[in-house]
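Good morning, everyone, and thank you for coming. Please have the sequence and the structure open while I talk, and I will go slowly.

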Amino acid sequence: MTRAFVSLVSFVLVSAPLTAHAQWFEDIGVRAQGMAGAFVAVADDATATWWNPAGLATGAFFNGIVEYDSLQQPRKGGDPGGAPLPDWRLRAGGFAVAFPALGLSYYRLNISEIRPPDSTAAGPPGRQDQGVGLGVSSLEINQFGASFGQSLGDHLVIASTLKLLRAQSETHGDADIGAMAVFGAARIGLAIRNVTAPEVGRGAAAVVLARQARAGISLTSVGIGRIDQVTVALDADLTRTRTEAGEERQVSGGIEAWTLGRRLGLRGGLSANTTGSARPLVAGGASVGVRSAVYVDGQVTVGTDEARRGWGLGLRVTF
């Protein structure tokens, strides 16, 4: 009876969807990550296809980005019910190209989650257990997107990214929508991701992509001493995202400064959870122009929220 109960508990744990990390705004975008996620009203490069498609209208004539992001962290402590949190790893990357009225993107997210084994369970699982005893779950999501926008007057742009999500031989359609209002140096942005809140994958590897809404504001100034341009931004989640560590609703602030004739960009930011434990994060990043219109971007995120620590690298072409 005891062994049957332990087996049932293990099966339930492994069969549950991967809700510990579902999907965050900060999964993609080296510049955005370097500003701790304060980017909804800043998005003016090809990652606007992920962050706020309405930002495409305010960007360069052409922008192309290739990037890789990595989060791999042990989760210490327990969830609100006292159960041990799983270790998990996210590897994400892809590419996007953007014009003022069109964006095309492909992103791949590989999410792996390893739950702590039950202390009363029998020895390690054999080949036929397929990782049940250890609680190993993984899922690869391939996202194909096409972004389109429409100007409404001189100050407002409305846009959407139509998405195809491919995982475990299943294909789901979804959409993101965004709005950007520009008044001189000030920009106000709104983005809603995963409008249909699809569940991708099956069984232990299923992930629910919860609907998320975020608003932001940014101010840009040019020609301050040796600084060519500086942007400060503030973002706030309008919805809560449920994770194994509890509900999250992030607020973040960031800054980006360009100097040396826009050959060097420096950025930083802070973010915190406004529901439950704050778990603050500090982010920093840089962009270096290796030649005309070609930049190498990098970022590092550290802090008390182990699930969000990580790094990213990207190559960006803009003109």
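Which element of the chain has the lowest mean pLDDT, and which has the highest? Since this is a predicted model, I would like to begin there. Among the elements of the chain, the lowest mean pLDDT, 39, belongs to helix 1, residues 2–15, while the highest, 98, belongs to strand 7, residues 186–193. The chain as a whole has a mean pLDDT of 84, with 78% of its residues at 70 or more. Across residues 1–20 the pLDDT is below 50, and the model gives this stretch 33 contacts beyond near neighbours in sequence.

Now to the overall make-up. The chain holds three helices and 18 strands, and of its 319 residues, 48% are buried. If we take contacts between residues at least 6 apart in sequence, 54% of them join residues at least 24 apart.

Let us go inside. In soluble globular proteins, nonpolar side chains tend to be buried together. Here, the largest nonpolar core has 32 residues, and Phe-39, Trp-51 and Val-200 are those with the most contacts inside it. Several elements give two or more residues to this core, among them helix 3 (48–51), strand 1 (63–73) and strand 4 (136–152), but strand 2 gives the most, with four residues. If you select Trp-51 and leave aside its neighbours within four places in sequence, you will find it in contact with residues including Phe-25, Ile-28, Phe-39, Val-40, Arg-214 and Asp-235.

Leu-102 sits in strand 3, residues 102–114, and Leu-102 counts as partly exposed because its relative accessible area is 31%.

Finally, I would ask you to look at two loop residues. Gln-168, in the loop between strand 5 and strand 6, has a positive phi of about 50° although it is not a glycine, and Asn-194, in the loop between strand 7 and strand 8, has a positive phi near 55°. Is each of them buried, exposed or partly exposed? Gln-168 is partly exposed, with a relative accessible area of 29%, whereas Asn-194 is buried, with a relative accessible area of 0%.

Terms used:
Residues numbered from 1 in each chain as written. Predicted model: local features only at pLDDT ≥ 70, side-chain atom pairs only at ≥ 80, totals over all residues. Heavy atoms only, no water. Buried < 20%, exposed > 50% of the residue type's maximum accessible area, 1.4 Å probe, protein only. Core = buried A, V, L, I, M, F, W, Y, C linked by side-chain atoms within 4.5 Å. Contact = heavy atoms within 4.5 Å. pLDDT = per-residue confidence, 0-100.
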